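Trainee: I would like to go through the labels used for this model. Let us set each value against its definition.

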Amino acid sequence: MDYLNHPFPSQRHTVFAKRGMVATSQPLAAQAGLDILKKGGNAIDAAIATAAALTVLEPTSNGIGGDAFALVWVKGELHGLNASGPSPELLTAEAVKALGHEKMPKMGLTPITVPGTPAAWAELSKKFGRLSLEETLQPAISYAEEGYPLTPILGKYWGRAYNAYKRLEGPEFAHWFDTFAPNGRPPEIGDIWRSQGHADTLRAIAKTDARDFYEGELAQKMEDFMIEYGGFLRKSDLASYQVEWVKPISTSYRGYEVWEIPPNGQGMVALMALNIFEQLEEPKWQSADTYHQQIEAMKLAFTDGQAYITEQKEMPVSVEHLLSKDYATIRAKEVNDKAIDPKPYELPSGGTVYLATADDEGNMVSFIQSNYMGFGSGIVIPGTGISLQNRGADFTLEENHPNFLKPGKRTYHTIIPGFMTKDKEAVGPFGVMGGYMQPQGHFQVVSNTIDFLLNPQAALDTPRWQWIGGKKVQVEPEFPNYLVQALQRKGHEIEVLPDGGSFGRGQIIWRNPQTGVLAGGTESRTDGMIAAW
């Protein structure tokens, strides 16, 4: 039986509920979050439980050794959490070049930065949670110990990762296979996978509010591994790490406020694109002109984002200027009837898994965590289930670039949670995971919702496009052919891909401010599910 064969189209409807809702890319993880709500936890507890469960239930996209960001709506106020980690103190551009690299490698020990995910769980629990971290991590621990059957999309990408990691050379990668291919092959769709080391690590994190990961035995195991194989991360890097509460950034778009985490994340790219697009012609449904203008707005915003986004204190231009309507007006003037090859804005003088939760008190969470490229660096600490991220791969070794590698610096970050409000009331959390597709997915979901009044499921199901660079744009196989041809006539180099795997995976929960009713949509491009109460 082929679990990936769907010869006929299926249809999902918006899910409605009143007491609580969890939307994410893996059904068992969504149910884990709902179970926590039913035990008396709030939306924050449910988000932690779901996130921890996803490190077990979808390790192809995230893990304990990754980073996280969150937007948390509590009592009428939106809070931002940046739990991305800095580069180790020993990791310098000179050290990387001494290893023979002309640019940052994508895999192995070198691109590993300090993981922020466990600290994010602990901080969210401490500041806003109702249950203990031990209670919220228990579902994840149980799945790690008892095992679970792989879902279809999970099995597909697990197999792809296995084939990719088989090409990696070096004894440091052997432990990835011990953990994720314990029988000499990757588990397949419907197979049971379990990891006692993963369970033990989660239990230690739960009992110590994550301090064991940063200061205790787990930290020591990571340092010992790094010293043995020539890595840069040390226990001192872990011990000094702290998450950062940040003020979310926003832009107004046709009467709504769209919110993102400020740099070092790339969320502002979506806001910049919305600002530019708002300056152009009135959007028209399924119009080639509208798609053309969306693509042009996105490529201008993305070009500037990749040129200037890094640690905010090291950016050569302010966030406020890049989000200003003056900037948007200047960039919008570059949009004409043909595709352009964008150049960075002239400075004025002077990836992941995503989840959304909501409860009946009005609390809502937009949460995202990632190991960056699939399982991450390919480095797994023996016996722990800790698969370490490769987030440092986004640093540049070009000394004059804002995102130049320095010790203790956070790199340009792809993972971004989104949130929307109107008239100071929460509309709700949304997100689309998937590397550099993320701000493009945010932009398209927001436009689908506001410009075309699509319900949350339809807003996610709409065929997507993805700007790749220059005039190259990829589209999903369901993208209408007449639009493909019309965009080609406008100078776009359109590539129709065979599946939608690279176009992001999204979740949405909207809340009716009058009734409190929750309306959720989940991603049809993965094993997504909404658990509702």
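Mentor: Start with burial. A residue counts as buried under 20% relative accessible area. The model is predicted.

Trainee: Why is Trp 176 called buried?

Mentor: The relative accessibility of Trp 176 is 1%. The cut-off is under 20%. Therefore Trp 176 counts as buried.

Trainee: What makes Tyr 165 buried?

Mentor: Tyr 165 has a relative accessible area of 7%. That is under 20%, so Tyr 165 is buried. Across the protein, buried residues make up 63% of the 533 residues.

Trainee: How many aromatic pairs are there?

Mentor: The count comes to 25 aromatic pairs. Tyr 165 and Trp 176 form one of them.

Trainee: Why is the pair of Tyr 165 and Trp 176 called edge-to-face?

Mentor: Two values describe a pair of aromatic rings: the distance of the centres and the angle of the planes. For Tyr 165 and Trp 176, the centres are 4.7 Å apart, and pairing needs them within 6.5 Å. The planes stand at 75 degrees.

Trainee: Where in the chain do Tyr 165 and Trp 176 sit?

Mentor: Tyr 165 is in helix α6 and Trp 176 is in helix α7 (residues 174-180). They are 11 residues apart. Both also belong to a cluster linked by ring pairs, which includes Trp 158, Tyr 162, Phe 177 and Phe 375.

Trainee: What makes Phe 213 and Tyr 214 an edge-to-face pair?

Mentor: Their ring centres are 4.9 Å apart and their planes are at 65 degrees. The angle is over 60, so the pair is edge-to-face. Phe 213 and Tyr 214 are both buried.

Trainee: Now the whole chain. How many helices and strands does the protein have?

Mentor: There are 18 helices and 21 strands.

Trainee: How do you know that the protein is as compact as a globular protein of that length?

Mentor: Its radius of gyration is 22 Å. The globule rule gives 24 Å for 533 residues. The two values are close, so the protein is as compact as a globular protein of that length. The C-alpha atoms fill a box of roughly 60 × 55 × 50 Å along the principal axes.

Trainee: Which helix gives the most to the lining of the second largest pocket?

Mentor: Helix α6 (residues 152-165), with 4 residues. The pocket has a volume of about 1,000 Å³. Of its 27 lining residues, those closest to the centre include His 6, Glu 478 and Arg 525. The lining divides into 11 nonpolar, 7 polar and 9 charged residues.

Note on methods: Residues are numbered from 1 along each chain as its sequence is written. This is a predicted model: local features need pLDDT of at least 70, side-chain atom pairs count only at pLDDT 80 or more; totals for chains, interfaces and linings use all residues. Side-chain values use heavy atoms; hydrogens and water are left out. On a 1 Å grid over the protein atoms alone, a cavity is a set of points where a 1.4 Å probe fits but cannot get out, and a pocket is an open set with protein on both sides within 12 Å along at least five of seven lines; lining residues have an atom within 4 Å of a point. Grid points are joined across faces, edges and corners, and a volume is the space filled by probe spheres set on the points. Helices (H or I, at least four residues) and strands (E, at least two) are DSSP runs, numbered from the N terminus. Ala, Val, Leu, Ile, Met, Phe, Trp, Tyr, Cys and Pro count as nonpolar, Asp, Glu, Lys and Arg as charged, and the others, Gly among them, as polar. The radius of gyration is taken over C-alpha atoms; the globule rule is 2.2 Å times the number of residues to the power 0.38. Buried means under 20% relative accessible area, exposed over 50%, partly exposed in between (1.4 Å probe, protein chains only). Rings of Phe, Tyr and Trp (its six-membered ring) pair if their centres lie within 6.5 Å; planes under 30 degrees apart count as stacked, over 60 as edge-to-face and the rest as tilted.
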